[in-house]
Amino acid sequence: MSAQLILHAGKERSLFKRHPWLFDTAVARLDGHARPGDTVTIQAADGRPLAKAAYSPHSKIRARVWSFDVAETIDHAFFKRRVAAAVARRARLPELAGQGEQGGLRLIHAESDGLPGIIADRYGDTVVVQLTSAGAEKWRAAIADSLQKATGCARIYERSDSEVRGLEGLEPVTGWISPASLPPGGGGTEGEGEPIVIAEHGVKLAVDIVGGHKTGFYLDQRDNRRMLAGLAQGQRVLNCFCYTGGFSLQALAGGAASVLSIDSSQPALQQAAANLALNPRLAADRAEWRCANVFDELRRLKVAGETFDLIVLDPPKFAPSASHAERASRAYKDINLLGCKLLSPGGLLMTYSCSGGVGLDLFQKIVAAAACDAGRTARILKRLQGSADHPVDLAFPEGEYLKGLLLQVD
Ligand code: SAH
């Protein structure tokens with residue numbers, strides 16, 4: 001029988017709302033013995049069993065719920081069911097079905113797929129997993145096996161090198177889980193760490209699953225990149241924080257007059273230029289890649305009197321948690337202020353925050369203040385979010401990390 005995590009009186013409320021995180025402050029004691037990642041039963045102060053969860057003794061999130069059905073056994077078969085359900089969920093959506101075959105698709109979006117601490121992205125015939133919690137770590141083999149069974153993909157690579165693992169007391173782990181014969185970091189038949197080429201809305205992109213950000217690519221922006229293509233005809237586009245050029249290439253595919261892309265990472269820009277070369281039908285002479293700090297470069301462009309018709313601001317996570325919100329707010333304000341100033345009258349601004357610590361309301365206020373300080377009137381044309389393979393469980397609002405606004409700026 002599993003150990004029991006007994007709550008303080010009144011601390012069961014979030015579980016009744018099916019929120020999957022249990023914070024250390026809610027826990028009165030542990031009855032029995034549990035190691036990191038072991039399954040425990042969460043019990044209310046009055047003895048009612050509430051959920052089966054993974055125990056994380058080193059984290060403020062002391063337990064993450066696997067199941068609100070206390071009769072459910074957490075075993076290999078449990079992961080097989082949950083992983084198969086996550087994969088089947090995507091197959092039901094016509095816009096997603098088939099994405100994984102040649103393209104990129106998020107198969108498991110952690111808490112929002114009932115699998116806390118587990119991310120899985122498919123790039124062609126390879127699945128990249130990222131395990132970020134003690135519970136996920138314990139079930140690595142079951143998760144990998146379940147992914148293989150649900151997808152038919154033989155190649156499973158692990159990119160568990162996210163910083164958040166440190167909060168769980170876990171070391172980084174990277175390398176091939178399957179086939180076991182592949183060397184760590186090696187791409188096997190495709191050579192040492194050679195990127196996988198995916199197709200996204202008709203554009204080819206190489207994804208470096210070994211050395212790229214996250215699992216190699218930002219799949220969450222897939223729909224927004226397509227939207228950009230639809231807006232770009234004849235426009236002078238500025239893509240800030242371009243990474244490997246996803247937005248830039250879609251702008252070119254949409255017929256942009258010019259695309260200036262900025263990133264501070266030289267390897268990302270090299271990959272971006274290589275990605276453009278993979279697409280000979282795109283007008284390479286309209287693209288310029290610039291290695292610079294966006295904060296400085298936007299100022300320089302302003303001083304130089306440059307203007308653009310369409311600007312994308314997709315910065316990294318400035319606020320991983322609410323405690324960073326103030327500093328992050330200043331950074332968001334700064335780039336959005338400069339972005340507004342650089343737009344031609346009636347120009348479009350696609351602006352994002354992927355910070356968990358900055359909610360939609362706050363983000364909108366920051367951008368409103370930026371437009372106001374720039375002396376411009378900005379109107380929301382559309383609210384933007386992650387693609388449908390990054391669903392948000394209504395019981396888990398923290399899952400809605402990516403928010404954006406499409407603005408017209410007069
Ligand atoms: N829009 C991209 C993803 C952006 S990720 C896509 O669709 O794929 C954020 C990028 O910002 C990273 O490539 C990182 O190298 C870059 N970056 C972070 N801080 C920066 C800064 N101050 N100036 C320029 N680039 C920066």
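Arginine 225 places a polar side-chain atom 2.7 Å from an oxygen atom of the ligand. This is a predicted model, in which local features need pLDDT of at least 70, side-chain atom pairs count only at pLDDT 80 or more, and totals for chains, interfaces and linings use all residues. Residues are numbered from 1 along each chain as its sequence is written, and side-chain values use heavy atoms, with hydrogens and water left out. The chain divides into domain 1 (3-67), domain 2 (76-177) and domain 3 (218-409); these bounds come from an automatic or database domain assignment.

**Ligand surroundings**

- A backbone N or O atom of valine 294 lies 2.9 Å from a ligand nitrogen atom.
- Phenylalanine 241 has a polar backbone atom 3.3 Å from a nitrogen atom of the ligand.

**Domain 1 against domain 2**

- The C-alpha centres of domain 1 and domain 2 are 24 Å apart.
- Their contact takes 16 residues from domain 1 and 17 residues from domain 2, where contact means heavy atoms within 4.5 Å.
- Together the two domains bury about 1100 Å², with 58% of it on carbon and sulfur atoms. Buried area is the accessible area (1.4 Å probe) that two parts lose on being put together, summed over both.
- In domain 1, Gly37, Arg64 and Trp66 lose the most area to domain 2, together 53% of what that side buries.

- Aspartate 38 forms a salt bridge with lysine 138, and their closest N and O atoms are 3.0 Å apart.
- Strand E5 (49-55) and strand E6 (61-67) are the elements that give two or more residues to the domain 1 side. Strands (E, at least two residues) are DSSP runs, numbered from the N terminus.
- E6 gives the most to that side, with 5 residues.

**Backbone features**

- The peptide bond from serine 178 to proline 179 is cis, with omega near -10 degrees.
- Proline 179 sits in the loop between strand E11 (173-178) and strand E12 (196-200).
- Histidine 201 is not a glycine, yet has a positive phi of about 45 degrees.
- Histidine 201 lies in the loop between E12 and strand E13 (203-207).

Methods:
A salt bridge is a side-chain nitrogen of Lys or Arg within 4 Å of a carboxyl oxygen of Asp or Glu. Helices (H or I, at least four residues) and strands (E, at least two) are DSSP runs, numbered from the N terminus. A polar contact is a pair of N or O atoms within 3.5 Å; within protein, one must be able to donate a hydrogen and the other to accept it, and residues adjacent in sequence count only if both atoms are side-chain atoms.
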